[in-house]
Structures are given as C-alpha cells and as structure tokens.
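This report goes through one protein model part by part. Keep the structure in view while reading.

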Amino acid sequence: MNISMELLRDFSSIGAGASRAFSYPFTRKTKQRQLSFAYLIRTSYSFKSCSATLSLTAEVEEKPKFDVDNAALLAGELRKSFNSGRTTNYEWRMSQLKSIEKMLEEKENDITEALYKDLSKPGLEAFVAEISQVKSSCKLALKELSRWMIPEKVKTSLTTYPSSAEIVSEPLGVVLVISTWNFPFLLSLDPVIGAISAGNAVVLKPSEISPATSLLLSNLVEEYLDKSAIRVVEGSVDETTALLEQKWDKILYTGSAKVGRIVMAAAAKHLTPVTLELGGKCPAVVDSNINLQVAVRRIIYGKWACNNGQACIGVDYIITTKDFAPKLIDALRYELEQFFGKDPMESKDMSRIVSSSHFARLAMLMDDDLVSDKIVLGGQRDANQLKIAPTILLDVPEDAQIMQEEIFGPLMPILTVEKLEDSFKIIQSKPKPLAAYLFTNDEQLKKNFVQNISSGGMLINDTIIHVATDGLPFGGVGESGMGSYHGKFSFDAFSHKKAVLYRSFDADASIRYPPYTTQKQRLLKAVINGDIVSIILALIGW
C-alpha cells in the first residue's frame, strides 16, 4: 500500500523536527555543539522563522535508518514474544505496571523538565495535566486488573440448555500507539498502560514535535520496562510510514483528522482495527443566568491554562447572546489579568506555542481580513519567543478561516446569537466535536443540549475535567474520532471480547438432527420461539 507522503508530511508539519535537540545523552555521538531552537527547526524542516535561542547542549547523533525492513523485524520480534505467552499472564502485566509506577515516582523531575523544554509547560500544569493523570491510570489498573481479567458470565437460552456462557477478555496481540505532541507524556503512556493491562506487546511512536519528551520516553521505557515486549520508535515521517506498513493487531492514533484518514487507510490493508483520537472545534455555549466569575474562570482554565489552547478538548469558540457578550468579555478580561498578569506575554504560567510553523498558522488566522478588526482583547505576539497573548475576537464571520478549522491555540472567537437555542444550529452545522460545553442553570436547556448536540464528550458548567473521570470513556464521534479509552475502557480497547459457550455431552436432543419430521419441526420451532405451551403440546403430539 502506497501511503501518501504528501499528506503524511502533515503529521509533523506543525512543529520542530525529528532531530534530538536537547540535553539527553545518545549512545552513539559524533560531536557536541550549542544549538538554537531556530537552528533545529531550519535543519529539520527548513523553516526560517523563530530565532528564540534556547541555550541547550545537544549531541548530534548519526542514527541508523529505520526503514520498512527494520519495522518488519521489530514487529516480528514482538510477535514472537507475544506468541510465547509472555505478556498474557497476570504476573507480567502487574510487573510492568509497577515498573511504570516506580518510573513516575523516580523520574518526575525529568518528565517535568522535558515538558518544559518542548512546550515551556509550567511545572504545576505538567504535574496536574500529565504526570498525575498517568499515575492515576496506573494505580487504577494495578487495583482493578484482576477484576477486569475475570470472564463475564452471561445468561444462556433455552435453545442451548443445559449450558453456561462467558465473555473472555483476551489480548489482541501486537499493537501500535502513535502519540501526539501537545500532551506528549500523558497521551503516550495512558494508552500504553491500557495495552499492557490487556496483555499486549506494544510499540510506541511518540511525536517528533516534542523531541525532549520523545527521547525521554525512549530512554525510560528501555530502562524500566520489558524491551522484549514494549518498545519505542522515535522519528518522523519515514519512521511512521515504515511502521504503518506493518501488520498490527490494533492501532491507536492521536492527532489530526487528516492524518487519521492515512492511518485508517494503512490499517485497512491488514483489516487492523483502529482507535482514532482526533479533535475538532469544541464549543462552549454560555447562558446569562450563571455564576459569571466561576464560569469565566473555568473557561479560561479550559483554554489558556490548558497548554495555551493547544488541546484537542480545549474550548475552541464561545457562543452567547448579543446582550450578554459585553458582560462576558469584561469578565474574561478581568479574570485573565488575575491569572496571567497585566502583561500575559511575561507570564510564567502559560505554555508557549509549540513551533514556528504553528505560530505562523495562528498569526495567519489573526491577520485574515475577515477577522483582523474583530480583536477586542489581546493580539500581542512574539515570534522570537513563540508566544501569543490570550486573544478574544467578537462576532467573527462563520466563513472566516478561524471558524473553518480547529484553532489549537490561544485565539478565542465569540459568536453571538439572538436566542441561546440558536447556538444549536451553529454547532450542528459543523463536524461533531470531541467535546461540547454548556454553562447554564436552565434545566430544560441542559436536557436539550444533551439530547440534540452530538459530541465525543460533554460537560455542563465546567470544561475539560471530564477526562479525569475514570468511569467515563474518552473518545470522539464522526470527524473527532472513533473508539475510546481511559480506565476500564482502555483495557477493553486493547482486548478482544471472546464469546465462549460450555456444554456437556448430556441431554443431546434428537430434534436438532435430520430427518426433520413434522413432530420435530413443531417441537423445534416451539423451543426456538421459547413457547412453553407449544413445547408441551408438541411433546404430547397435539
């Protein structure tokens, strides 16, 4: 299967390149030099912007090429390990989960440092949004794994009497996890925990756009986990293409819908099932009968305090009434200053934009003739530091580019309507989002929103924290993805639910076998229909 390289380039076109750019040691090295962030971007993807110099010592490595043959060899090695039964037993699964738990405790500072290098992610945000979430997933799996692995008993029918039946969760085999850059630690290890819990061998392909975290993951997995069954492949387009050429028993991909189509097409060659965690334009509908301060703080948390808007479940745009919009903007202005100070460009509590190309894309959205005069707050930018201030735009035309694609940054359009119910049509006119948010005290509006708005997840009177609820699945619908994981759903995502029926050699009824006499037909139909009276009549010959 020929995977479109032009499209696959989009997999890494919004960030820094695959060359390892930070102060982690390599096994093979040729020389050391001081590399600026701009140098790394130019050498990796020939971008000319961004001159922010990060004084980081990097070691340039001549790495062997990872091609289709290497990928096939890797997949073969892991399949051999899986077929040996190594990964399927309870003890192995628990040992790997305990090793991850140990790794999280011992390497928390290293993880925080890597996330800062990749995204300038504040330490507390790194802990709350990534490290603690992985810890929670790991602890839940350790606590519940024995229960998850117990076959589920189910009722049998009269047709199969006497019998018993159960659903057995068995591992799929050798699985591929392709992660993304915005929450590079969480979105790498969370699905891996699910795959290990289910008893699979795993290949993790972290994003090259977050190179420090990618390299750290590679080193940590090799140090803490069983490398005969769990491996990390670093790299960019070529490495991803080589991996997608192989037969996997499941692929979980997190990223854009465009690349999601490529992953799905590659998987179709081998009839490989996929879980696609994509994104979309996540709306927040804001009523006027609310606690405005609380609502605004939660919106800011779900936008600018969440990786500076670079989150698939972050609030993409707001819909409110024309009358309420000025009051909402004033509240946003006040609370943003409380969060990030009078000059948010100097705030240490906000992540930077991931790369120069992503920065340029956001700048283009802001400079669009249809919206450049719609900015009512913010708009400051610094290409050298890859920073854009929280920016609010009012009454943006729906045909503007900013309303046609997922923003994935600190820009927040506000659309206004006469009646809040009119917001439903706006949301329904767009592809189904990964998340949808509503702020209201109107119980009927809540019911209507839940019933009429289709989205991967939904949260009333808050943002993003629904993903921290282990009992809820995390996944999209339509353009925002397919399949789900988190908690028990992660275990299920990487398991095959095998139906098993048990029978003895007793009570072997002759009516199921030819020749089919009239009496047999009457009795067999009565049994299949579950009609007790007809069964009795058939047995006595009536």
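## A network of charged side chains

The side chains of Glu108 and Lys135 form a salt bridge, with N and O 3.2 Å apart. This pair joins distant parts of the chain: Glu108 belongs to helix 5 (residues 108–119) and Lys135 to helix 6, 27 residues apart. The model is a predicted one, and the distances here are computed from it.

Lys135 also meets the side chain of Glu105 in a salt bridge, at 3.5 Å from N to O. Here the distant parts are helix 6 (residues 123–149), which holds Lys135, and helix 4 (residues 90–106), which holds Glu105; the two residues are 30 apart. How is Lys135 classed, buried or exposed? Lys135 counts as buried because its relative accessibility is 13%, under the 20% limit. Glu108, at 24% relative accessibility, counts as partly exposed.

## A link across the sequence

Another salt bridge is formed by Arg298 and Asp462, whose closest N and O atoms are 3.6 Å apart. Arg298 is in helix 11 (residues 292–301), while Asp462 is in the loop between strand 18 (457–460) and strand 19 (474–475), so this pair ties together parts 164 residues apart in sequence. Arg298 counts as partly exposed, at 33% relative accessibility. Asp462 has a relative accessible area of 13% and is therefore buried.

Salt bridges with shared partners join Glu105, Glu108 and Lys135 into one network. How many salt bridges does the structure hold? The number is 23. In general, side chains of opposite charge can pair when their charged atoms come close.

## Glu130 in helix 6

Helix 6 also contains Glu130. Glu130 counts as buried because its relative accessibility is 0%. A polar atom of the Glu130 side chain lies 2.9 Å from the backbone nitrogen of Leu186.

Which residues does Glu130 touch, leaving aside those up to four places away in sequence? They are Leu115, Lys121, Glu125, Asn182, Phe183, Pro184, Phe185 and Leu186.

## The open sheet and its helices

Six strands make up an open sheet, in the order 7-6-5-8-9-20 and with mixed pairing. Its edge strands are strand 7 (230–232) and strand 20 (481–482), each of which pairs on one side only. Strands of a sheet pair through backbone hydrogen bonds, either parallel or antiparallel. Strand 6 (residues 201–205) and strand 7 run parallel and are joined by three bridges. Leu204 stands opposite Val232 in strand 7.

Two helices that pack on the sheet can be described in turn. Helix 7 (residues 186–197) touches strand 5 (174–178), strand 6, strand 7 and strand 8 (250–254). The direction of helix 7 makes about 170° with that of strand 6. Helix 9 (residues 237–244) touches strand 5, strand 6 and strand 8. Its direction makes about 150° with that of strand 5.

## Confidence in the model

The mean pLDDT of the protein is 89, and 88% of the residues reach 70 or more. Where does pLDDT stay under 50? This is the case over residues 4–60, for which the model has 150 contacts beyond four places in sequence.

Technical notes
Residues are numbered from 1 along each chain as its sequence is written. This is a predicted model: local features need pLDDT of at least 70, side-chain atom pairs count only at pLDDT 80 or more; totals for chains, interfaces and linings use all residues. Side-chain values use heavy atoms; hydrogens and water are left out. Two strands pair if DSSP finds at least two bridges between them. Helices (H or I, at least four residues) and strands (E, at least two) are DSSP runs, numbered from the N terminus. Contact means heavy atoms within 4.5 Å. Axes are lines fitted to C-alpha atoms, for helices over the stretch in contact, and angles run from 0 to 180 degrees between N-to-C directions. A salt bridge is a side-chain nitrogen of Lys or Arg within 4 Å of a carboxyl oxygen of Asp or Glu. Buried means under 20% relative accessible area, exposed over 50%, partly exposed in between (1.4 Å probe, protein chains only). pLDDT is the predictor's confidence in each residue, from 0 to 100. A polar contact is a pair of N or O atoms within 3.5 Å; within protein, one must be able to donate a hydrogen and the other to accept it, and residues adjacent in sequence count only if both atoms are side-chain atoms.
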